[in-house]
Amino acid sequence: MKKKKLRLSIIGLLMGGCMFAQQSPVQLNVEASKQIATVPKLFNGTNIEDLNNQTNGGIFSQLLHGEAFEENIDVDFLNLKREDYSKIYVVLDERKIPHLITQSDIYHRISWNNLTEKYDFNSKDIYNSPRFREPHVISGWKFPGRFLTFDSLPGDIQKTMLEKINGNEQISKYWSKLVVGNPGYAYELVRNGKAYVGRQNQAISFTEGSGEVGLTNHGLYRMGIRFDKNKPYDGVLRIKADSLVSVYLSLRDEHGKVLAEKPYSLKGDGTYEKVEFELIPQNNTINGSFGISLKAPGKVELGFAFLQPGEWGRVKGYPIRKTFADALKKQGIKVFRYNGSMVDVGADTYLYRWKKMIGPIDERRVTLRSGFNLYATHSFGFIEMLQAAEAIGAVAIIGMSMDENYEDIRDFVEYVNGSIDTKWGALRASHGHPEPYNLKYIQVDNERLISRGYVECMKKFAEAAWEVDPEMTIMASLNIRRDRYKKGIPAYNLAAEMAGWFISKGKGDKLAWDPHYSGARNFADETEWFEEEMGIVLQRDLAEDYPGFKLNLHPMEENGSRCDWDRGLAHAHNWNTLQRYGDCFRMLGTANTFQPHGLHYMWDQGRIHYTADTIWFQPSAHIDEMMMKTWKPNVVQTTSSDKALDITAKVNDQKTEMTIYVANMSNEPRQAILNIRDFRFNPKAEVYTIGDCELTEYNTYENMNNVVFKPSKINVARKNAKYTFPKYSYTVITLKK
């Protein structure tokens, strides 16, 4: 992508000119003596929502994709574009007939399917699934709904699918055939009801001859795995065999050359043996793979594979990758929320229970979900999220299913916060974390509609949690849309009843509400809509009904559908506006954190992109970084004569520094007159500007600095300072005494 040259036009203190069609300069006023809000750094929060798309191959140390061999055959025969590879899977119905499912719209939900089945879906679900409003065309394949049924596919595709499903090369998606020499071989996806953690195992058979037979894994969506020379990589393999056999584990470069290899002998007693290994590559690669192979006749069944960097690449020995933790710290993240559609969008959502998310990662179950990555393991779960938050020094919010029972909620709080003298605190210590995690926020499910049942669940969570930790805050995930919570209607009455219950327990301050909100550029301009959706109107109304009560608002998802400068500018505009309303909120957050570059299902909204070899910020993440670099807690009064220029100003506690933030929301430069009252400053100012480009611009692998802040230094007059703000830009001006 061609790099845009930043056209920053600064019109000095005493001179200026108008090079564009603007009638008169915009009047920007700052009243430094009139404080309107105080804001904490907890306003800079973020989310992890998709278990395997943001974690495995990302912040979680697992470098492999398809770790449980649960995915069916690859879809390479569909000739998909790279960006569409993550959107289509092969699934089996109870007749062992293959169909195609798309992940491009997870909200067309699939009916319940029991995990104990050998197959993915019942045919009735496949043929009765709801249709999309408009068909989704993915690399030329038209999906009328979630499924393309087998009988609707071309004959040659049907033939290929059946050969792959039933032939001797049944290989789980994300794994590749490895054959050297001229051996006889067979690959089989074994669905006999005895799989290690899910529905199927991957069998490898070396039947005759000489050579090598095995599989390689090339990481997340086959993007390759980075290996650093002479640095150890360790892992775990769950594998079984019915006779003595040696399995070879290897690290390989982009050409398949072996960088490290070790043999491991199996007992062959028919149990799932646990092979723990360490491999040290003798060279570097950014497009490597992990190999599992046999070099003599034999047969093995693979149930789970895990590979991670040694402690050199992780934080505190946790399964958290240091480069990703460092990126979040650089972004200045102070609140880290783990919740989203994985709680309730899926056929096997009963597996989203905390007791199924603890213990050795190679012993946790697989969840079949109708959303995001179709097969998600719990190898990254609540505990790994708490460790990630600890690694970056952030407050953690853990979202739990509203179907957790009272005893399990109580046990969870004891596990994360109890002393080692308690049953569950002792178990936590045995899992390697003697000190309590000191979790303070539990969220009840995700984006529910308020109901009698939901209110009762909030009470259940509160009473169970308070048995162990009276300081635990229970957070509702209830979105607020226009007119949904008007005073006097049933939804408001339920909200008021819930607030009243917490107040009656002397715990009004332990109720929090998380209303998710829009990342559209015009959202903050619609005051009535904005105040409703952010929960401010509800907060005011409840304060009228319960004098002295203030609802804790923690809006933790600013949502968007894109990662480009449109999203960045909208985020800047929201940042400005939310700080002016700062006293209304306790925390704020933005969806969504990590995204493998060029690979997404429904929303291209990831704010930190990565490939196998590197990681970089999209514009909205740069906004966060700049906000934290220039952080000041005191918001002062500002006005603008033109809503196209959105201005917020903040000063530090010592009143020695002021930072002014101006978002130009228009598609043309805007000249302004800046007047700052009651703050004497040195005319020399630091300026950082991002934008001045088309809204579709973003940061690519080839040009990671396409849309970033550009620094400059200017002189600012104490009165009537003239400044021209570039089109579609965000400008940060810091003044010091």
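The model is predicted, and local features were taken at pLDDT of at least 70, side-chain atom pairs at pLDDT 80 or more, and totals for chains, interfaces and linings over all residues. Residues are numbered from 1 along each chain as its sequence is written, and side-chain values use heavy atoms, without hydrogens and water.

An automatic or database domain assignment divides the protein into domain 1 (26-38 + 632-736), domain 2 (45-60 + 313-616), domain 3 (64-71 + 172-309) and domain 4 (72-159).

The centres of domain 2 and domain 3, taken over C-alpha atoms, are separated by 36 Å. Between these two domains about 2200 Å² is buried, 56% of it on carbon and sulfur atoms (accessible area, 1.4 Å probe, lost on putting the two parts together and summed over both). On the domain 2 side, Asp362, Tyr375 and Ala612 lose the most area to domain 3, together 27% of what that side buries. Asp362 also forms a salt bridge with Lys274, with the closest N and O atoms 3.7 Å apart; four salt bridges cross this interface (a side-chain nitrogen of Lys or Arg within 4 Å of a carboxyl oxygen of Asp or Glu).

Turning to the sheet, three strands (DSSP E runs of at least two residues) form an open antiparallel arrangement in the order β3-β4-β7, where pairing requires at least two DSSP bridges. Strand β4 (residues 98-102) pairs with β7 over two bridges, and Leu100 stands opposite Leu148 in β7.

Methods
Helix = DSSP H or I, 4+ residues; strand = E, 2+ residues; numbered from the N terminus.
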